[in-house]
Amino acid sequence: MGVGPQGEEQVHGVALAVPALVMGALGLWGLDRGGMWRDEAVTFQVARRTVPQIWRLLHGVDAVHGLYYLLMHAVLAVHPGEVVLRLPSVGAAAVTAALVAALGTRLLRPRAGLVAGLLYAITPMAGHYAQEGRSYALVATGATAATLLFVRAVRDGGRWRAYGVVLGLTCWLHEFAVLVLLAHAVSLALARPAARVWRGWGCAAAAVSAALLPMALVSHAQSAQLAWLRQPTPATARNLLRAFLGGPAPAVYWTCLTLAVLGLAGLVGLRPGLTCARLALPLAVVPPATLMLVSRLTPLYVDRYVLYALSGAPLLVAAGAERVAAALRRLGCALSRRSALLRARGLAWGFTRPGEAAGAGPQPLEFTRRGEGAVAAQQPLEFTRPGEAAEVPPRALGFTRPGEVAEVPSQAIEFTRSGEATAVLPQALRFPRSGEAAAVLPQAPGFTRPGEPLAAPRTAPRDGGVPSSSGVPRSRHPRRVRLARTGASTPAVALGLGLALVCQLPGLRADRDPARRPDDLGAVSRVAAREVGPGEAVLFLPERMRNVALAYPGAFRGVRDVALAEPGDRSGTLYGREAGAEVLRRRVAGLGRVWVVGDPALLDGRRRPAGPAERVELDVLAQGFAPRGESARGGATVRLYVRRARVSRSPAPRAVPPRPGRR
């Protein structure tokens, strides 16, 4: 039975809502980790500045995150806190899961959309960035929404204006989202659409590129911020592939990889059109591959910069799962036909009881059990062999006159399921080749296409429904939502997704630990609040460690920052402007002790100073101070340095010779 318009809308709504709810629940799970890492701390302290101060900062640094900082300025104005900082990312990830489901529904079917959306939701990489106060989850939402608008424009001839606006705003959230244009260009090349589609997409792409040009020029002047990046290696590509296809769980990864390969069927072919494989593969591969190739010249690649490409991987896996489900359905139909064939060859015809008519037209047929006589009609039935039509007399079918032994034909015919009666008329019936749909004449109801439920004759509705004039019963519950022709594959899909989530739970739970981030400034601030008292001198080495005090000012209330010359909000910098070498030496000269919040690798000499300011600070410490204890937490060290005692230069006391007579 088909699904009406209202039913289809309900099915589509379920396919979109369930992934969004699952992604939202996983995103809220453990959202309050109790500590921000350095990039989140930058978002937190910059977004709390005034709009003019943010605008001044963007002229010198972080222009690529300018729109995101302004957005978070409005969010944190409601309540400045870690949970509120991450809530936009959680919401964006939930919307992205729903958009992935919408893509799967449109390109394949609702069940495939549900599978794709749930796979996105339980992927550890998606869950990781759903819990970060940075722009990457929002960029993924914008890129996936633009991809959905792209599909609608290509398939339905929709307007490209919305596509250009959404993608343009996404690129202003992060400029590397412009690589989505390359992915869509490859998809169009594979789909081979009409020229007007190319023209519409080309105009939208040109508008997006022109809108992004000012940011590209400004960010190019700030490229020194990416000096810490390194060239990607083959291991980088393997790690990204594993992250896209299930993460660290081996069973999930290999299953998803196998299904994704199966989902590539139909990537290239003679028929034009935008298929799931032609959209999903370029989306998942082109942006990261392009950024990795460019990084061979100038390092630019970080996996979070191409998080939006993750949306293509679940679509490929869902397409492969649909192919497996279709193969299982065909296998089930073949086994059913084989079973009926065996029954027809000697076990039981299964049409009627002996002596009863088959419910046919004016010339009923009487079928009997094996070995008993059969009374056949005088009119011949017209059956066909695969692809051919033939008028076969009754005797040729193996039916005999009364008193003769019935011979079962070698080419047995399958009418209905075991135990059900078929309404057979003396008109011609067409039987297909294996795996093809049966073309049944209107005069012979009760035959169906392979894999569909049997439509009973109009005289005997099978499910208690109201008989219809076409011979197919109408349900008494027309608004009941049914996933048509899902068969037994829907429970199997649900079981597979449940097992995948169980396999992912250890990794998802471990990701809630703040130690899984590069550092934990919350833990550092707690150590500083316990060890450093009011009025004591503090030195942040390197200067980005001042991020701890900017994100958690309560832990450093009343301390003296001996290297700071001008705060960041007034100087238009992230961490403030530090004093010169001579000023720093004068400030430190009268100190007996100083606390250092720093990078342990830099303090221990395992990493070279990045600039002259760090070199001067290390020299000041080495010349006049000695370490007297430390606490290492969250990837940083809170170490106490005490002034060395000055060595006395007075002459050594003269030895007194022993008196005579004494030993």
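In which helix is the place of Val 324? Val 324 sits in helix α15; helices (H or I, at least four residues) and strands (E, at least two) are DSSP runs numbered from the N terminus. Before we look around, note that this is a predicted model, in which local features need pLDDT of at least 70 and side-chain atom pairs count only at pLDDT 80 or more, while totals for chains, interfaces and linings use all residues. Residues are numbered from 1 along each chain as its sequence is written, and side-chain values use heavy atoms, with hydrogens and water left out.

**On the surface**

Val 324 counts as partly exposed because its relative accessibility is 31%. (Buried means under 20% relative accessible area, exposed over 50%, and partly exposed in between, with a 1.4 Å probe and protein chains only.) Together with Leu 262, Leu 328, Leu 331 and Leu 335, Val 324 forms a nonpolar surface patch with about 440 Å² of accessible area. Such patches are made of residues with over 30% relative accessible area and no salt bridge, with like charges joined within 9 Å and nonpolar side chains (Val, Leu, Ile, Met, Phe, Trp, Tyr) within 5 Å. The areas come from the Shrake-Rupley method with a 1.4 Å probe, and for residues only the protein chains shown count as cover. Helix α15 (residues 312–347) gives the largest share of the patch, 4 residues.

**In the core**

A nonpolar core is a set of buried Ala, Val, Leu, Ile, Met, Phe, Trp, Tyr and Cys residues joined through side-chain atoms within 4.5 Å. The largest one here has 130 residues, and Met 23, Phe 150, Trp 160, Tyr 163 and Tyr 308 touch the most other members. Its largest share, 13 residues, comes from helix α8 (residues 136–156). Apart from this core lies another of 18 residues, including Val 588 and Leu 602.

**Salt bridges**

The whole structure holds 20 salt bridges, each a side-chain nitrogen of Lys or Arg within 4 Å of a carboxyl oxygen of Asp or Glu. Here are three of them.

| Pair | N to O distance |
|---|---|
| Glu 322 and Arg 111 | 3.2 Å |
| Glu 536 and Arg 593 | 3.0 Å |
| Arg 639 and Glu 630 | 2.6 Å |

Glu 322 in helix α15 and Arg 111 in helix α6 (residues 110–122) are 211 residues apart, so this pair links distant parts of the chain. Glu 322 is buried because its relative accessible area is 12%, and Arg 111 is buried at 4%. Elsewhere, Arg 33, Glu 40, Glu 82 and Arg 86 are linked in a network of salt bridges.
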